[in-house]
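Please open the model in your viewer and keep a selection panel at hand. The stops below follow one another, each saying what to select and what is found there.

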Amino acid sequence: MPSPVSPQWHEKASDFFSTSGVKLKEAGQSAGTFVGEAAKDAKGNVVDVAGRFGSMVKSRWFLLQQPSTRQAVQDRLLSAAASTGTLLRKGMSETKEKVSIGKTKFEEVAKVTTEKSKTILTDIERWQKGVASTDVFGVPIEVTIQQQHSSRPIPHVLVKCADYLILSGLNSPYIFKSEGDRKVIQHLVSLYNKDSNTSFPEGVNPLDAASLAKCYLASLPEPLTTFELYNEIRGARSSIHMMSNILKKLPNVNYTTLEFVTALLLRVSQKSFLNKMDARSLAFELAPVIMWPNGQKPEFHSQFWNHASKSVAKKNMNPVPNYSAWDMLAEEGEALDASSPISLDDGLPIDYGAIEVVQCLIEHHHAIFTHAHETTWT
């Protein structure tokens with residue numbers, strides 16, 4: 001059976017529960033009051049915020065309704081639209097410009113490629129046929145004269161060069177010494193190989209015309225002075241009389257052309273105060289292409305045409321060139337630096353005897369070439 005509860009503990013328990021109930025009731029009333037006040041405050045805050053927002057909207061709307069404000073907004077919108085339009089037009093203009101530049105570059109590359117292809121095909125045909133009937137570079141001078149059917153036994157290419165220099169090039173500093181433009185020389189060689197009587201192109205630098213004349217002389221299979229008379233002519237450089245007599249042994253074509261070339265050099269030397277090229281300087285530059293001993297042919301010229309035939313009768317031909325696709329499509333100056341200056345140093349020893357011969361022919365031109373129809377220019 002359960003143990004009896006002490007009256008004392010029973011009384012204390014009743015007091016505890018009674019007190020706790022009162023406290024819980026008071027706590028509930030306090031919490032309700034607090035929540036009510038908080039809700040009232042929150043409602044007031046919301047009303048206050050809504051009122052402020054409404055006032056702000058009314059204020060902004062009132063400002064927007066003012067004419068000055070509307071005008072400012074419209075001005076800003078128009079300015080933004082104009083700026084946007086300008087940017088769009090500029091972008092479109094730049095795009096069109098880039099497209100135009102790209103099209104121009106493409107057309108230039110296509111033109112260069114077409115011209116290079118034509119040149120290569122012409123080169124191959126020349127190799128296949130040997131020396132072409134119209135070629136003048138690398139061909140014996142007597143053959144060139146026969147092809148010209150001219151009463152004047154001087155290669156047309158030399159005449160064209162000389163006439164051009166007399167008209168516009170005698171005052172050019174260091175003429176016959178300064179290096180020509182390789183691309184221009186190659187073009188001129190191709191031009192005169194196709195038609196030796198063609199007119200000299202306008203706008204050519206006189207230095208390139210002088211270089212073309214040197215290249216033609218260097219291209220001859222045998223020099224103007226011939227191999228046979230090399231030693232005799234070289235040995236007569238100290239005597240005008242002996243020199244005149246020995247030169248008469250030259251073939252008529254060689255003699256007449258030598259007189260023509262040295263007459264041109266004489267005219268150039270007479271302008272040495274302007275062009276800085278006296279007879280000695282000219283002889284130093286021209287002697288290697290006017291006379292050389294057998295086996296010491298200057299070779300710098302061979303880069304300007306496509307064959308080096310020593311005899312038309314023998315038709316000695318080099319192998320057909322091996323052109324790659326890159327050669328045909330490469331830009332100028334990649335596969336071949338066609339626009340670089342011409343290097344005229346072929347590594348041969350300097351022939352001072354030949355230099356003295358040419359200097360003598362320039363300085364004593366009139367006394368030496370007594371049997372030639374003297375060349376004159378008006």
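This is a predicted model: local features need pLDDT of at least 70, side-chain atom pairs count only at pLDDT 80 or more; totals for chains, interfaces and linings use all residues.

Residues are numbered from 1 along each chain as its sequence is written, and side-chain values use heavy atoms, with hydrogens and water left out.

Now select α9 (residues 252–269) together with α13 (352–363). Their axes, which are lines fitted to C-alpha atoms over the stretch in contact, with angles running from 0 to 180 degrees between N-to-C directions, lie 8 Å apart at an angle of about 75°. The two helices are therefore roughly perpendicular, a term that covers 65 to 115 degrees. Show side chains for Leu258, Thr262, Leu265, Leu266 and Ser269 of α9 and for Val358, Leu361 and Ile362 of α13, which make the contact, defined as heavy atoms within 4.5 Å.

Move on to the salt bridges, each a side-chain nitrogen of Lys or Arg within 4 Å of a carboxyl oxygen of Asp or Glu; the structure holds four of them.

- Select Glu232 and Lys249, whose closest N and O atoms are 2.9 Å apart. Glu232 lies in α7 (residues 230–235) and Lys249 in the loop between α8 (240–247) and α9, so the pair ties together parts 17 residues apart in sequence.
- Select Asp351 and Arg234, which meet at 3.0 Å, N to O. Asp351 is in the loop between α12 and α13 and Arg234 in α7, so this bridge joins parts 117 residues apart in sequence.
- Select Glu356 and Arg237, with closest N and O atoms 2.5 Å apart. Glu356 in α13 and Arg237 in the loop between α7 and α8 are 119 residues apart; Glu356 is partly exposed at 34% relative accessibility, and Arg237 is partly exposed at 29%.

Finish at Ile350, in the loop between α12 (325–329) and α13, which is partly exposed with a relative accessible area of 46%.

Conventions:
Helices (H or I, at least four residues) and strands (E, at least two) are DSSP runs, numbered from the N terminus. Buried means under 20% relative accessible area, exposed over 50%, partly exposed in between (1.4 Å probe, protein chains only). Angles under 35 degrees count as roughly parallel, over 145 as roughly antiparallel, 65 to 115 as roughly perpendicular and the rest as oblique.
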